[in-house]
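User: Could we go through the ligand sites of this model, one after another? Please keep the answers plain.

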Amino acid sequence: MISKNLREEVHNCIKCGICLTPCPVYKQRLVEVASPRGKVQLIRNIMEGNLELSENFVRILFTCLLCETCTVNCPSGLKVDQLMKAMRVKVIEKFGLPGKKKFLFELLTGKRLLPFYLFWGRVLRNNLLPLFPVKGKVGTIPLKKFPRLNRQPFLKKIPEVISVPEPKGRVLYFTGCATNYLDGEIGRATIEILVRLGVEVIVPKDQMCCGLPIFLAGAPKMALPNILKNVALFNRWDVDVVVVECATCGAALKKEYPHFLKEMGEKTEEAMALSQKVLDISQYLMKFDLGKMLKPIKGKVTYHDPCHLLRSQGVKDEPRALLRQIPELDFVEMAEADVCCGGGGTFQWEHPRISENITAQKIESIEKTKANFVATGCPGCRLQIFGNLKKDGVEVIHPVQLIFRSLSG
Amino acid sequence: MLTEKILHEFETILGKERILTSKEDLLSYAYDAYVEEYLPEAVLFPKTSAEVSQIMQVASTHRIFVTPRGAGSGLAACSLAKQGGVILCFTMMNRILEINKPNRYAIVEPGVVVSEFQKEVEKIGLFYPPDPGSATVATMGGTVLMNAGGMRGIKYGVTRDYLMGLQGVLPSGEVIQTGSLTAKDVTGYDLTRLICGSEGTLAVVTRITVRLLPKPKARRTLQAIYNTIDQAGNTVARIVEEGIIPATLELMDKMIIKALEDYAHLGLPLDAEAVLLIEVDGDPESVEKQAGIIAEFCRGQGARDVRVSQSEKESEQLWMARRGAFGAVARMRPTCVIEDATVPVSFLTRAIKEVITIAQRNQVQIAVLAHAGDGNLHPLVLCDLRDKEEMKRVEKAMDEIVDFAMSVGGVLSGEHGIGIAKAKYLPRQLSPQTLNLMRTLKNTFDPLGILNPGSFLECAP
Ligand SMILES: Cc1cc2nc3c(=O)[nH]c(=O)nc-3n(C[C@H](O)[C@H](O)[C@H](O)COP(=O)(O)OP(=O)(O)OC[C@H]3O[C@@H](n4cnc5c(N)ncnc54)[C@H](O)[C@@H]3O)c2cc1C
Ligand code: SF4
Ligand code: SF4
């Protein structure tokens, strides 16, 4: 399962340790196995036959946010996250998913893949509660702070093709599960903005969960059907651009699908073609001159960089530039905006103590800015930040929601 | 041998949480940034000097080998359990205890990461100059025990020059204090300096007092590009001769340029033979003036392009890239061994050319990086550890580099230490009498020989 390239890469780790200090998990634990270097070296030992695939190793491998900070910091150019992802698949093949998670992902896949956020939103709120005896919390997040499900999935409420007269562009919009099931507001904002800009929007009804949370957990076979379906679907529509407003889905479509299919021995051409067309909504909106259309919003906004947007997709300036365009809205940069919020998908649930400490630092940075809006383009980050905010009166929000508000005046 | 019983004694000191013994944990303390590896029997994480003292007492009683470790970024296996025993790892003992602005000193625990410390003091207008390429990972303890240098050596010296005092624990468990909080102090032998750079063989350091400087008000970075190594070398000579002391003066050869381009895309020309990266700092007016004069020198020696950074951000990018140079070069081949020979600065150009010839003669790939201002060469030898044939040629090239350095009055190591990497050369630089005295000293500090066994003195012939 681990491709030859990745195998060779292990030997390029010069053990310099430059990846240690930036790694949020290492910074909390301060032991070598919690660091990227430690994990890479253990993987090498496994490949060289000095170490068995032990349960302890599995624990070590999963004590990682997959935030990719190590990858961007490694001067040797090791794709540390890719290596760890591939290794996750290998260990899950041997050990299967651990108890709780197995249950989770069986739910997620079922016959059809039940989306990730359906799990967080509904299942957790009632059926599964007894499984989590943690004082009304899941990981670090109080249950009462989990969002409610959309009354009706977003995709059901809108037509598949939203036409405009004399379109200035034609995009395919991949909503992602969070928007579809939890946060229809964001979907509505996205579509409204696009329509007002004179862009024709296609929202395929049969798009599936991007599958990233599941294959990051090491269960690629469960995710494969979705991925193949999504790839095929997108290439059926003739559009210039595929827009995504979820950082994780964007990372999946733009970057992970081709890697992943290659590792699985599948064809990659279509996925590659798709990946070329994908843009984060902030990238796409920057192509237009929104400035004149925006009306003032009073207040202060700060921005948190989602790992899947900043490091996976390399999108940093556009969301900030978008927010700065809103009249009277004061943009303040928080300290360490690019450090992971500590959520990491199911990480916060499996390692609440580590996660809590990482998130505490993020919350502190946010509070120091005295902002009343925290904008970020990832549903996982929004959940994690909102769930851990102590202060009331701070709104955690997607940048497009603010833009939409500003457009509407 | 580390028995269950002894482990239990350690446990009563530290608790179970701060002792690691799983195979996975041991394997991940078997390496540093050098190529060889040694498996320890346990890894202990103290948080106070009292704990360290108790640990050393237990170790002395049972003759357990103890090897201190910081971040494991060392380049000579100094922090590895070369003869087994336990690793005493300081990453969890990492508080900044005091930053004293009026008297310009700070007291830190050994596990503080150098760059984090630098950031903290700079926040209040102070400056801690020692700046190894590994500053973002190396610990204060590790840099003290290696007497780490770095890029600012030419103007600001090395770690030793900023040390005021230490708290240490002897192998017996006794706690000692060296140095003081005063700027001047000639009381007794200078044990601070003796322990500094001792590669963790004399005492375990549990508290460090360092001197701080006021933060320079301005800095500028210059980048000069040359068609030949000679031109770059002559520029260095010219600058040194003229009595201008830049904060840093780094030289990179063609291979480094290529690697850096692949890594950081700085827009360096791939056909250039050498690049000088120069930083000047101080008061704004003198910085401007010095930058101007240096730029003139560069042009005068035939630099084909001289660029002066226009902003802090631009300088930062250049130095970030330089910091990543070692890793960036390592992209090219699986293994990268760093040489660290240092020559009197007037021999610098000759030394670089010699290294290039040695590489060609032995058919090995060597990229040259140098802290040019202080004659500290860093030839990076690129190879593949799995290729035995090639490693033999590498060995031979290393021998020849040492030969050359010795022949012009140079030293074995400028800043990375001897460790096991260079122990075999030790008698080339130190006389039998000197070696003997060092061994006697070691014996006085550590009569049982339990602290960092297998280190440079022991493996020297
Ligand atoms: C990319 C890279 C660049 C580098 N650049 C430079 C450079 O520019 N200049 C330079 O000088 N070095 C450089 N180095 C080498 C290395 O980073 C330094 O030697 C550094 O000082 C090691 O610090 P550490 O915390 O990693 O110590 P370790 O490697 O863990 O230990 C170093 C030594 O200190 C001892 N030790 C550690 N803590 C204690 C303690 N509390 N008490 C007693 N003994 C202790 C250990 O036993 C060992 O002998 C570089 C290394 C890398 C990988
Ligand atoms: S930064 Fe890269 S080369 Fe250095 S230790 Fe980490 S993974 Fe290895
Ligand atoms: S992905 Fe993030 S958490 Fe995981 S090892 Fe890399 S830096 Fe650490």
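User: Which chains does ligand 1 lie between?
Analyst: Ligand 1 is placed between chains A and B. This is a predicted model, in which local features need pLDDT of at least 70 and side-chain atom pairs count only at pLDDT 80 or more, while totals for chains, interfaces and linings use all residues; side-chain values use heavy atoms, with hydrogens and water left out. Residues are numbered from 1 along each chain as its sequence is written, and chains are lettered from A and ligands numbered from 1 in the order in which they are written.

User: How many residues surround ligand 1?
Analyst: There are 36 residues around ligand 1, and the closest are B:Pro68, B:Gly70, B:Ser73, B:Ser134 and B:Thr139. A residue is near a molecule if one of its heavy atoms lies within 4 Å of it.

User: Which elements of chain B supply at least two residues of that shell around ligand 1?
Analyst: They are strand E3 (66-69), helix H5 (140-146) and strand E10 (204-211). H5(B) gives the largest share, five residues. Helices (H or I, at least four residues) and strands (E, at least two) are DSSP runs, numbered from the N terminus.

User: And which backbone atoms lie 2.8 Å from an oxygen atom of ligand 1?
Analyst: A polar backbone atom of B:Gly72 is 2.8 Å from a ligand 1 oxygen, and a backbone N or O atom of B:Gly149 lies 2.8 Å from an oxygen of ligand 1. For B:Gly142, the distance from a polar backbone atom to a ligand 1 oxygen is 3.3 Å. A polar contact is a pair of N or O atoms within 3.5 Å.

User: What about ligand 2: how do the residues of its shell divide?
Analyst: The shell around ligand 2 has seven nonpolar, two polar and two charged residues. Ala, Val, Leu, Ile, Met, Phe, Trp, Tyr, Cys and Pro count as nonpolar, Asp, Glu, Lys and Arg as charged, and the others, Gly among them, as polar. The residues around ligand 2 include A:Cys13, A:Cys16, A:Cys19 and A:Cys74, with A:Lys15 and A:Arg37 also among them.

User: Then ligand 3, which residues surround it?
Analyst: Among them are A:Cys23, A:Cys64, A:Cys67, A:Cys70 and A:Glu68. Helix H2 (24-29) and helix H5 (69-73) of chain A each give two or more residues to the shell around ligand 3. By class, the shell around ligand 3 holds ten nonpolar residues, one polar and one charged.

User: Changing topic, is B:Ala247 buried or exposed?
Analyst: B:Ala247 counts as buried because its relative accessibility is 1%, buried meaning under 20% relative accessible area, exposed over 50% and partly exposed in between (1.4 Å probe, protein chains only). B:Ala247 is in the loop between helix H8 (229-241) and strand E13 (248-253) of chain B.

Notes:
A polar contact is a pair of N or O atoms within 3.5 Å; within protein, one must be able to donate a hydrogen and the other to accept it, and residues adjacent in sequence count only if both atoms are side-chain atoms.
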